[in-house]
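Let's take a friendly walk through this model, one region at a time. Have the sequence and the 3D view open as you read.

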Amino acid sequence: MSKKLALFLCFLSILLVNLTSFGQGRSIPTNDSLFNLVSDGVNQSSWDELNYIWLSDSCDETYGFLPCTSTVLGNIFLIIVYGYVMFLSAKLLSAGSEILLQILGPGIIGGLFLPLLSAVPDATIILASGLSGDTATAQSQVSVGMGLLAGSNVMLLTILWGTCLIVGKCDLENSVAVDEKDTKSFSLTGSGVSTDIWTSYAAGIMVISIIPFVIVQLPQVFPTTSDSSLPVLISLIVAICFVIAYSIYQVFQPWIQKRKLAYAKHKHMMSEILKQLRTNALGRFLTDDGAPDKVVIEKLFRTLDLNSDGYLNTTDLRSLIIGIEFDDGEDININEATSLVMKDFDTTHDSKIDVDEFFKGISRWINKAKHAAMMDRGKVPLSMKLLDDYDKQTKEEQDRYGDHIDEIVEDVKNAPWHASKAVLMLLLGTILAAVVADPLVDAVDNFSTATSIPTFFVSFVILPFVSSSEIVSTLIFVSRKKQRSASLAYSEIYGSVTMSNILSLAVFLGLVYIRNLTWSFSAEVLVIIIVCILMGVVACCRTTFPVWLCFGAVMLYPLSLLLVYILEYVFGWS
C-alpha cells in the first residue's frame, strides 16, 4: 500500500507541475486558428492544445495551483485522480483503525474513536461542498454533499448488501445457512446467508437513526410560517445526541453482550435443572394444565433431602446437579448451578430451602417457561413438551448471544511499533481526505455544469465508491462463507449507514444552519428514509436471507434514482 501510494503521489506531483507551468502567450485575434499566439520566447507548441483542453478561464484553480477545466473529459480525469486519492485516504483510515483495534481492543478506541474516523472521508467532502465561496456558490455545491450522503446509504444497503448475499451464500438447511457448504449453485430459495441476533440489533439501530431526517422534513409535510431554520437546528441537536448515544452504546456493547450471554446461560441452566427434576420425580411432574403437581413435588423434595432434616442445603443441591448431562456434552459449572438454585429458591436467605420454598421456586421457573412459550409461539404447549421446548429455546438463545463473545484482543508482537504505524496511517488518511475533498467537489461540480447533469446525480453515483472503504473489507469478510463472518459484514454495513445518518448528517445540517442555506432536499431525504426502513425492517425480522432477496435489494438502487428524478422534475419538490 505505501509503495503504491508513494508512486501515485509522485506521478500526481509531476502531472500537477506540468499542468500548472505552461508558458504564457499574448493572443492575437485572427480567423485562422484558435492557437495563433505570439511567443514570448518559451517554446510551448507541444503544450498549447493540452493547455486549451485542461485550463479554462471559466474555472477557478483550487488552492490557486491545482488544475481545473470546464471540459467533460478533463473533469472525468480529475474526478478519477482525486477520487483515487480519496479512496486511498479511506483505505488508510480503515487499515489504521483495524491495527489499533487489534492492539487496544473494543472499548473506547473501538467503540468511540474508530467509528468517528470511518466517517472522515464523507465528512470532509460534505464540508468542502458547503464551505466554498459565497452563499450562492455554497447553495449550488452543497448538492454534492447531499448526493454523497444519500448515495452512500443507498449503495451500501442495495448494491453492497445484495452482492454480499451472492458472495457469501451457503446451502440453507432448516432455514439456516450451513457454514462453508455451497452445493446448490444459484438456488434462489435453497441458498442464502444467516446472521446472528446482534446483526438484527444493528439493523434496528440503523432504522432509529433516521429520526433526524424525519425531524428536518416535518416543515415540508406540515407547512408553517415560523423560522425555517428552527427544524434544521432541532434536527442538528438530535443528530449530535444520537452520535453521542451511539458511541456510548458501541463502547459498552461488549459488556452488554456478556450480560445477555450470562442471562441466557442462567435460563438454560434453569431449564436443564427442571428437566432433571422431572426425571427424578416419582410421578407426573406437571399436571395437564402445565402447573407443578404439589404432591409429586413434595415427594421429590423428600427424595433430594439426603439427611432428612426437612431442608435442602448446598450438598443436596450438588448431588442433584452432578447428574445433569447437557445435550451437547457441555460441562456444567456445578458451583454456579448450585448458587443459582439457592439464590432463586431461598427467599429467607438462611442458606437452606424448605419444602414450601422449593415448591414456590419450582412454580416460578415453570411460569417463566410458560411465558417464554407464549412469547415465542403465542400458546403454551402440552405439559410433556413444555420443558423440552423451553430447554431447546434457551439453548438457541445462548448460542445466539455467545457468538461474538469469543472476540479477544490479539497479542500483537511489537505493539508500540504497530501502534505508531497505525497513528501515522490515520494522520495521513485524514490529511489526504482534507486536502483532496475540495478539488474533488469542484471537479464534480464542473463536470455537472459541462454535461448539464444535476450535481446530485453525479455525486450520488460516483462519490460513494471513492469514499467507502467498507466495500472491499465487507466482501472479504462475507466470502469466508460462515455465519460469523457474514454477521460481521452486515453489521459493518448497518453501522456505516448509522454513522452516515447521524454524524455525516450532523455535519451537513451544521453547514446548512451556519451558512443560512435553504433546505431543499425533500426528495433525497425521502429516498434515504424509504431504503433504510425497508432494508432495516427486513434485517430486524429475520436472520436468514435467501438469495432471491438480493434482486429486490439491488433494484432499490435504480428505483431510488428514478424516484428522486420524478419527485424533483415531475412534481417539483425541490
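Asp171 has Ser191 in S5 as its bridge partner. This is a predicted model, in which local features need pLDDT of at least 70, side-chain atom pairs count only at pLDDT 80 or more, and totals for chains, interfaces and linings use all residues. Residues are numbered from 1 along each chain as its sequence is written, and side-chain values use heavy atoms, with hydrogens and water left out. Strands (E, at least two residues) and helices (H or I, at least four) are DSSP runs, numbered from the N terminus, and two strands pair if DSSP finds at least two bridges between them.

Strand S3 (residues 170-173) and strand S5 (residues 191-194) are antiparallel and share 2 bridges. Cys170 sits opposite Gly192 in S5. S3 also runs antiparallel to S4, again with 2 bridges, and here Leu172 faces Ala177 in S4. The hairpin of S3 and S4 has 2 residues between the strands, and Asn174 takes a positive phi near 55° there.

Together, the 4 strands form an open sheet in the order S4-S3-S5-S6, with antiparallel pairing. Strand S4 (176-177) and strand S6 (544-546) are at the edges with a single partner strand each, so one side of each has no neighbour in the sheet.

## Helix H7

Asp196 caps the N-terminal end of helix H7, with a side-chain oxygen 3.2 Å from the backbone nitrogen of Trp198. H7 covers residues 197-208; at 1.5 Å a residue, its 12 residues should span 16 Å, and the end C-alpha atoms are 17 Å apart, which agrees. The expected span is 1.5 Å times one less than the number of residues.

Several H7 residues are buried, among them Ile197, Trp198, Ala202 and Met206. Buried means under 20% relative accessible area, exposed over 50%, and partly exposed in between (1.4 Å probe, protein chains only).

## Two crossing helices

Helix H5 (residues 120-131) and helix H15 (residues 415-451) have axes that come within 8 Å and cross at roughly 40°. H5 and H15 are therefore oblique to each other; angles under 35 degrees count as roughly parallel, over 145 as roughly antiparallel, 65 to 115 as roughly perpendicular and the rest as oblique. Axes are lines fitted to C-alpha atoms, for helices over the stretch in contact, with angles from 0 to 180 degrees between N-to-C directions.

## Val554

Val554 belongs to helix H20 (residues 549-569). Its relative accessibility is 34%, so Val554 counts as partly exposed. Val554 and Trp161 are 393 residues apart in sequence, yet 7.9 Å apart in space, C-alpha to C-alpha.

Notes: Polar contact = N/O pair within 3.5 Å; in protein donor to acceptor, adjacent residues only side chain to side chain.
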